[in-house]
Amino acid sequence: IRSGGLEGFEALCRWKHPTLGPVTPSVFIPMAEEIGVIADITEFVMRTATMQLAAWQRLDRSFSNLQVHVNVSANDLKCGDFVTRVMRALTRSQLRPRHFVLELTENILMENIEGSFEVLAELRQLGVELAIDDFGTGYSSLSSLSRLPINTLKIDASFVRELKPGSKQAEVVRAVVSLGASLGKAVIAEGIETESQMALLDDMGCEG
């Protein structure tokens with residue numbers, strides 16, 4: 001927000017069905033999880049996103065510090081070879097791990113927090129960055145947040161959409177920014193659409 005520069009991208013998967021037209025992830029991801037093909041979709045997105053960013057970085061030096069974010073599901077974390085899949089995507093693309101960010105929703109982490117620690121620790125040891133997506137809509141505890149090897153908190157767009165001086169949403173966002181600073185984690189706001197929203201977030205100390 002402060003520099004006004006481009007920091008990175010989020011890779012969003014869309015399904016262009018030949019008869020149904022565009023199908024959103026909220027529809028096809030639960031189906032993919034139910035029938036057991038979510039790991040294949042995640043691997044495809046990781047491979048495609050890392051290859052594309054690596055290609056852009058080779059194209060121009062000004063792109064050398066950009067990151068790409070990819071969403072992962074609870075089923076991905078439970079997959080025994082998930083870290084290996086991440087390593088494979090990075091090796092094939094030759095993208096540096098610090099330029100790759102995996103996003104997990106707050107609810108995913110809280111539902112299986114003890115089972116997630118080992119996988120998250122391995123990913124952080126690999127050099128990959130981790131973010132909590134849709135932060136503020138779940139029920140994470142302060143003790144859990146302080147223990148998780150997370151780099152970034154992403155404030156859910158529902159708070160940013162109604163962001164106005166003195167509003168309840170503004171107080172929530174201010175609290176999250178303060179919490180992130182206390183825990184040493186970056187804070188990113190999703191869904192910024194107006195200059196007034198950006199100015200207010202800048203005033204609060206939100207980074208991106």
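Student: Which residues lie nearest the centre of the second largest pocket?
Tutor: Cys13, Pro25, Ile29, Asn71 and Val72 do, out of 25 residues that line the second largest pocket. A pocket is an open set of points on a 1 Å grid over the protein atoms alone, where a 1.4 Å probe fits, with protein on both sides within 12 Å along at least five of seven lines; lining residues have an atom within 4 Å of a point.

Student: Where do these coordinates come from?
Tutor: This is a predicted model, in which local features need pLDDT of at least 70, side-chain atom pairs count only at pLDDT 80 or more, and totals for chains, interfaces and linings use all residues. Residues are numbered from 1 along each chain as its sequence is written, and side-chain values use heavy atoms, with hydrogens and water left out.

Student: Back to that pocket. What volume does the second largest pocket have?
Tutor: About 550 Å³. The volume is the space filled by probe spheres set on the grid points, which are joined across faces, edges and corners.

Student: Which element gives the most to its lining?
Tutor: Helix α1 does, with six residues. At least two residues each come from α1 (25–35), α2, β4 and β5. Helices (H or I, at least four residues) and strands (E, at least two) are DSSP runs, numbered from the N terminus.

Student: And how much space lies in the largest pocket?
Tutor: About 690 Å³. It has 27 lining residues, and those closest to its centre are Glu7, Gly8, His69, Ile188 and Gly208. Two or more lining residues come from each of β1 (8–11), β4 (67–71), β5 (100–105), β7 (152–155) and β8 (186–189). Strand β8 has the largest share, four residues.

Student: What classes of residue are in that lining?
Tutor: The largest pocket has 10 nonpolar, 10 polar and seven charged lining residues. Nonpolar covers Ala, Val, Leu, Ile, Met, Phe, Trp, Tyr, Cys and Pro; charged covers Asp, Glu, Lys and Arg; the others, Gly among them, are polar. The second largest pocket has 14 nonpolar, six polar and five charged.

Student: How many cavities of 30 Å³ or more are there?
Tutor: One. A cavity is a set of points where the probe fits but cannot get out. The space in the largest cavity is about 30 Å³, and the lining is Glu43, Met46, Arg47, Arg85, Arg88, Ala89 and Arg92. Two of these residues are nonpolar, none is polar and five are charged. Helix α4 gives the most, four residues.

Student: New topic. Where is Gln169 found?
Tutor: In helix α9. Gln169 is partly exposed because its relative accessible area is 25%, where buried means under 20%, exposed over 50% and partly exposed in between (1.4 Å probe, protein chains only). The buried residues of α9 are Ala170, Val173, Val176, Val177, Leu179 and Gly180.

Student: What is Gln169 in contact with, beyond its neighbours within four places in sequence?
Tutor: Phe159, Glu162 and Leu163, with contact meaning heavy atoms within 4.5 Å. Ser158 is 11 residues from Gln169 in sequence, and their C-alpha atoms are 8.6 Å apart.

Student: What comes just after α9?
Tutor: Gly184, with a positive phi of about 75 degrees.

Student: Whole chain, then. How many helices and strands?
Tutor: There are 10 helices and eight strands. Of the 208 residues, 42% count as buried. The C-alpha trace spans about 45 × 45 × 40 Å along its principal axes.
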